[in-house]
Amino acid sequence: MNELLMSENIQNPIPIREISRLTGVNSVTLRAWERRYGLIKPLRTNKGHRLYGRDDVELIKTIQAWLARGLAIGKVSELLESGMPSQNVDVENIWQSYFNELLTIVAELNLGKFDAFFNQLFSVYPTALIADQLIVPVLENLNQEAFGNSIKKAILINRLSEYLLMLSHRQRQQAKGKRVAIIQLNTAVNPLLNVLLQYGLTMNQIKSELLGVVSVAEVVVAAEQLALDGFVVFNDSCSSLGEFQKELIQLTQTTSLPIIVGGRLVHVLTSELPSNVHLAPNERQQDVMDILNTIFPDDVLGEIQDED
């Protein structure tokens, strides 16, 4: 590395783009954790670029584990200073509080509160964590047959999709890594989850195109014209499992590009699939990110501007 450190040297320093790849936490969130909460203390080069050590990778993963369990971001620093391991922490689940707050906002159709709520949330939590811990449970609640739920669900999907697409547009110009297409097979379900996935990939510098439901024949055109490096099939459900598996097999016969399959359907797939198909171990969006980082290891992320 040509730049000199402003502080003591660390062995094998890691730039912010690589720390994002290793942890799945985008650079914007990492900087927020540093500035607002003092959770991470990277070294700086003479030009002000952040450099991390291997201990920081483990620290960030520990923070993610606490957040997934429901610990509020504002309470993480206290636990870090106490040295208490995450498994011994009895936490009040902040995601339950967010769940109740979001349902109230949607029920009141309070669009002003909606934007403020998500501005705060997306500024400090990884997108995959928000999707897995909050949006999926809220959508499940709104899927129940109750008066007004269809309107509430439509408002949530449309408003949050618009919000995320607006944010994605701002970040797409910086994405320098591989390009993947996010598609659904058989039936379009929970499109909001795919929008969340696209935003999460974009924030982690992975170019992504949100294509929705496509036929296998259209995949060939998309792969060529978009110069794709892979596909992400993300379905939480479908109208016919048999048809879904049939289309997935046809997809594997059409392209040799990597195909990552995520969402709840991964648990019920029974067909034997070729080696270019990678099934997420769980339905979490973080699992999809982890697989992409494994398939495209060092060059999945482009150069991320590390501005102060």
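The model is predicted. Within it, strand E6 (residues 230-234) and strand E7 (residues 259-262) run parallel and are joined by four bridges. Phenylalanine 234 has glycine 262 of E7 standing opposite. In general, the strands of a sheet pair through backbone hydrogen bonds, in either a parallel or an antiparallel manner.

The pair E6 and E7 belongs to an open sheet of five strands, ordered E5-E4-E6-E7-E8, with parallel pairing. Strand E5 (207-213) and strand E8 (277-279) each have a single partner strand and stand at the edges, so one side of each is left without a neighbour in the sheet. From one strand to the next, the twist averages 20°.

Attention now turns to helix H6, which comprises 14 residues (residues 111-124). At 1.5 Å a residue, helix H6 should span 20 Å, and this agrees with the 21 Å that separates its end C-alpha atoms. Among the buried residues of H6 are Phe114, Phe117, Phe118, Leu121 and Phe122. In an α-helix there are 3.6 residues a turn, so residues three or four places apart point the same way.

Leaving aside residues up to four places away in sequence, phenylalanine 118 touches Leu102, Ile135, Leu160 and Tyr163. Phe118 is also one of the residues with the most contacts inside the largest nonpolar core, which has 70 residues; Trp33, Leu102, Tyr125, Leu134 and Ile135 are the others named. Helix H7 (residues 127-142) supplies the largest share of this core, nine residues. A second, separate core has 20 residues, including Val214, Ala223, Cys238 and Val261.

Key: Residues numbered from 1 in each chain as written. Predicted model: local features only at pLDDT ≥ 70, side-chain atom pairs only at ≥ 80, totals over all residues. Heavy atoms only, no water. Helix = DSSP H or I, 4+ residues; strand = E, 2+ residues; numbered from the N terminus. Expected span 1.5 Å × (residues − 1). Buried < 20%, exposed > 50% of the residue type's maximum accessible area, 1.4 Å probe, protein only. Pairing = 2+ DSSP bridges. Axes fitted to C-alpha atoms, helices over the stretch in contact; angles between N-to-C directions. Core = buried A, V, L, I, M, F, W, Y, C linked by side-chain atoms within 4.5 Å. Contact = heavy atoms within 4.5 Å.
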